Amino acid sequence: VRFFLSQTRPQKPLGDAPPWHPGWWFLLVTCEMADYKAMLDTTVGHLRIASRVMVLSGAGMSTAAGIPDFRSPGGLYGSTGTLLDRFTYLDTKGMERRLLEADVKNALTNGFFVHNPLPYHEMRRGFILGVANGQWKLTLGHVLPEILNRNSKLRLLASQNIDGLDHRVMSDKTKLYNPHGLMSVLVTEPLGVRQPLCTDPQDPIYQRYMELVQQNIKDIYADRPKRKGCSSHLWPGPSKSTPITLEMFDDLLPDKFAPAKKREASQGSYSVKPGSVNFDSQLWTTNAAGEPCNAFEIVGDCDLVLVMGTSLSGLTIDNVAHMAGPLGLPRVVFDYGRAPVESLEEQGRWTPGRDCHLQGSLDETVLDVLLAMEWLSQAFDFLDHLCLGSLHTLKGFATKHLPSDDAKRYLPQLDLAIEKETQREHQFYGDE
């Protein structure tokens, strides 16, 4: 069908006629549906025999939950020129601006942070405060790894995301790995202090950090919608930013951090930041249970790799997906676009018939998989954790696919969860 369409599509419109006849569109849609069904059947076949699945998840999981990302059109990197005008610079010679003009991601390096931590904090003000205050909930993509775990199929979830949402549902912390770190951990990393200041947002040290972020960091996204990066409608901030230092924590810091405080003051440098890994830093080497973890070795012990919500744009951890191809492991890509597939075709030996692309929204493709695996009812165990968008998607899917007895049991629970989450979201977004 594809070959026929490619050979018969007119190269130019004939008069006012559209380039494609409606019948061709029908054939193309039919072909796409057949492709998806075949991919789904192959995916389910892989999952039925798998017992050591690795899941590599990325930003697409969290953007679906409503967390603004950085790289996509309209993301927090936005127009670099606009950001450059809004950042706070501490030097008088313009070197800091020139570094960010070369690449705005330089703000997310230790080399830049130690001299000027403000662009880092200004870009991530809303993210820091939102994560610590529980602003966002999970998608169905987030709960799939735990459902795999409950059915004795998960080997490891390697989550590129630093928001920590995975931690809310993953019951076996030895199977959860965050190579890029976590925003919920507070460190003095640029000074080389390996022990974190704290690892829990409820810790008094982290609570003080949140106060300092709100009081000292301006909202450079104040003119954006509430769901697109604005934070000052919830946490009003200053008109000018001031660097956060260890000295500002007063007597909350344990004595073991006194040398770092003195070094920071004597060098005129800065070090307090969340535990997310900067671009010039090494990946974390421990899992969520604090045990050594090497995903590049573990992939060799797996029998299936799921790639969810990551474009495989060249990050180091992406290599686990590329390594799976030469190892003969099947891979399933959950993504709207073809970017991750194209990356695997270029670097990881994409094998049609073995490797699959479930093209569509994460929530919808996950639900198709759960239904085919007869796991759909398990999704209802996570209603209190799901974001509003995922709850609505689940309701539409369940209404169509649940047997009548199950529908009577689960749909009232789903309606109640939607009502509760609607009220909760209103606290953060009002009527927007």
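This is a predicted model: local features need pLDDT of at least 70, side-chain atom pairs count only at pLDDT 80 or more; totals for chains, interfaces and linings use all residues.
**His 357.** I placed His 357 in strand 8. Then I asked which backbone atom the side chain of His 357 reaches. The side chain reaches the backbone oxygen of Gly 337, at 3.1 Å. I also listed the contacts of His 357, leaving aside neighbours within four places in sequence. They are Met 39, Val 333, Asp 335, Gly 337, Arg 338, Val 341 and Trp 350.

One pair I noted is Met 54 with its bridge partner in strand 6, Val 305.

**Helix 13.** Val 341, one of the contacts of His 357, took me to helix 13 (residues 339–347). Its buried residues are Pro 340, Val 341, Ser 343 and Leu 344. Why do I put them on the same side of helix 13? Because they cover an arc of only 160° around the axis. I looked for what covers these buried residues and found, among others, helix 12 (319–324), strand 7 (331–335) and strand 8 (356–359). After helix 13 comes Arg 349, and I noted its positive phi, near 60°.

**Helix 15.** I checked the length of helix 15 (residues 388–401). At 1.5 Å a residue, its 14 residues should span 20 Å. I listed the buried residues of helix 15 as Leu 388, Ser 390, Leu 391, Leu 394, Phe 397 and Ala 398. What do they pack against? I found helix 8 (140–150), helix 14 (362–372) and helix 16 (404–429).

**Confidence.** Last, I looked up pLDDT. The chain has a mean of 89, and 88% of its residues reach 70 or more. Over residues 24–31 I found pLDDT below 50, with 15 contacts in the model beyond near neighbours in sequence. Residues 1–15 stay under 50 as well. For residues 1–15 I noted 19 contacts beyond four places in sequence.

Note on methods. Residues are numbered from 1 along each chain as its sequence is written. Side-chain values use heavy atoms; hydrogens and water are left out. Buried means under 20% relative accessible area, exposed over 50%, partly exposed in between (1.4 Å probe, protein chains only). Helices (H or I, at least four residues) and strands (E, at least two) are DSSP runs, numbered from the N terminus. The arc is that of the directions from the helix axis to the C-beta atoms. Contact means heavy atoms within 4.5 Å. The expected span of a helix is 1.5 Å times one less than its number of residues. A polar contact is a pair of N or O atoms within 3.5 Å; within protein, one must be able to donate a hydrogen and the other to accept it, and residues adjacent in sequence count only if both atoms are side-chain atoms. pLDDT is the predictor's confidence in each residue, from 0 to 100. Two strands pair if DSSP finds at least two bridges between them.
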